[in-house]
Amino acid sequence: MTKKDYLLRNIIAVLIIGLVTLLMLFFISSAKSDEADKLPVVVQELVNPPFVPKHNIVAKGGPKVIKVRMTVTEKVLTIDDEGTKFRVFAFNDSIPGPLIVAHVGDYIELTLVSPKKNNFEHNIDFHASTGALGGGGLTHILPGEAVILRWKATKPGVFVYHCAPGGSMVPWHVVKGMNGAVMILPRDGLKDRNGNPIKYDKAYYIGEQDFYVPKDEYGRYKEYLHPGDGFSDVLKVMRTLTPTHVVFNGAVGALEGKNALKSKVGESVMFIHAQSNRDTRPHLIGGHGDYVWPNGSFNDPPRTNLETWFVPGGAAGAMIYKFRQPGTYVYLNHNLIEAFILGAKAEVKVTGKWNDDLMKQMMEPSKIAD
Ligand SMILES: [Cu+2]
């Protein structure tokens with residue numbers, strides 16, 4: 001071996017050792033940090049329903065980590081016009097809990113907090129997530145604790161989330177109001193069955209809630225002094241599968257009158273409808289579902305021009321309607337007993353110019369000859 005060969009061999013050996021070291025360093029560093037750690041972080045300000053956080057229909061830029069914070073509330077709420085008081089559990093003080101919006105490929109990083117003054121164990125199961133009972137297995141917190149969970153949004157659609165502490169606590173917490181929804185949009189937005197983009201000008205989020213309030217021997221709704229007092233009585237009513245209240249946004253009439261939803265002629269509005277426990281049949285009196293994803297999957301082409309659609313319990317659905325006429329519409333669960341007697345209805349007040357071509361009263365109600 002010449003001196004030149006010897007030198008060349010040493011150089012090659014040094015290069016190989018260097019390369020192997022670099023590769024090892026690369027694998028060690030990539031094993032340490034997750035993909036999500038390298039992404040930009042945005043904080044999403046959650047808002048109370050029926051409003052939704054500010055968002056773009058089509059994603060801007062690449063995937064992000066979306067940080068949200070929710071606090072568990074245990075409190076007494078008035079749930080109807082008769083002043084019935086019921087102890088509820090809620091995410092961020094509202095029933096339903098706030099809507100979280102992200103795009104496919106984003107990560108949701110939730111900080112869940114349970115203040116010391118609470119009495120029960122809580123957690124959260126995101127139907128949109130993958131693994132550990134939807135995160136439920138990793139988020140059990142006692143009063144005075146907080147937990148942080150990060151999950152990747154892989155499926156486009158609208159999905160519910162709810163508390164699921166285990167056993168009979170699961171339905172008990174859900175029918176006390178501890179549920180909400182997540183919307184995961186496709187990065188390139190919504191499409192019709194021909195691949196054309198679908199847009200909406202605003203979105204409203206309606207959480208439908210069934211309550212099971214015990215009555216006393218005179219048929220009056222019972223109130224309980226201490227947090228755990230009503231459990232066995234509520235469980236008895238739950239076993240009948242017959243709710244005493246079915247409401248939107250936590251109380252009878254919560255989205256009516258001065259709190260009615262608002263729109264104007266020519267505006268496209270998305271209605272997100274979530275029900276964590278019980279089947280429902282959304283319907284817009286005076287309008288239609290122009291585009292409907294009844295079970296919430298944005299991968300499927302929307303159904304069109306529906307009069308009423310079905311959202312199974314444990315799911316959220318989405319509908320988009322462009323208002324063509326002014327006036328007051330009623331958006332309800334078209335089991336009309338649940339809507340008009342138990343409370344599952346909202347009003348939509350729409351401003352704009354009436355279109356005689358679509359509808360015209362040809363004669364006012366007038367007396368008829370005998
Ligand atoms: Cu809970």
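**Close-up views of a predicted model**

**View 1. The buried and exposed sides of helix α3.** In helix α3, which spans residues 231-239, the buried residues are D233, V234, V237 and M238. Because these residues cover an arc of only 140° around the axis, they lie on the same side of α3. The other side of the helix carries K236 and R239, both of which are exposed. Strand β3 (85-91) and helix α2 are the elements against which the buried residues of α3 pack. The helix is followed by L241, a residue whose phi is positive, near 60°. As in the other views, the coordinates shown here belong to a predicted model.

**View 2. The copper site.** The copper ion has as its protein donors the ND1 atoms of H122 and H173, the SG atom of C163 and the SD atom of M178, which lie 2.1 to 2.4 Å from the ion. The angles among the 4 donor atoms run from 89 to 132°, and the site is tetrahedral. For four tetrahedral donors the ideal angle at a metal is 109.5 degrees. Along the chain, the donors follow the spacing H-x40-C-x9-H-x4-M.

**View 3. Strand β4 and its pairing with β9.** Strand β4, formed by residues 100-103, is covered on both faces, with I100 and A102 buried on one side and V101 and H103 buried on the other. In a regular strand, the side chains alternate between the two faces of the sheet. β4 pairs with β9 in the parallel sense, over 4 bridges, and in this pairing H103 stands opposite L185 of β9.

**View 4. The open sheet of 4 strands.** The strands of this open sheet are arranged in the order β14-β21-β20-β16, and their pairing is mixed. Its edge strands are β14 (261-264) and β16 (282-285), each of which pairs on one side only. On average, and with direction ignored, neighbouring strands of the sheet are turned by 25° against each other. Strands of a sheet pair through backbone hydrogen bonds, either parallel or antiparallel.

Key:
Residues numbered from 1 in each chain as written. Predicted model: local features only at pLDDT ≥ 70, side-chain atom pairs only at ≥ 80, totals over all residues. Heavy atoms only, no water. Donors = N, O, S within 2.8 Å, 3.2 Å for Na, K, Ca; no water. Tetrahedral: all angles 85-135°; square planar, octahedral: opposite > 155°, others 65-115°. Pairing = 2+ DSSP bridges. Helix = DSSP H or I, 4+ residues; strand = E, 2+ residues; numbered from the N terminus. Axes fitted to C-alpha atoms, helices over the stretch in contact; angles between N-to-C directions. Buried < 20%, exposed > 50% of the residue type's maximum accessible area, 1.4 Å probe, protein only. Arc of directions from axis to C-beta. Contact = heavy atoms within 4.5 Å.
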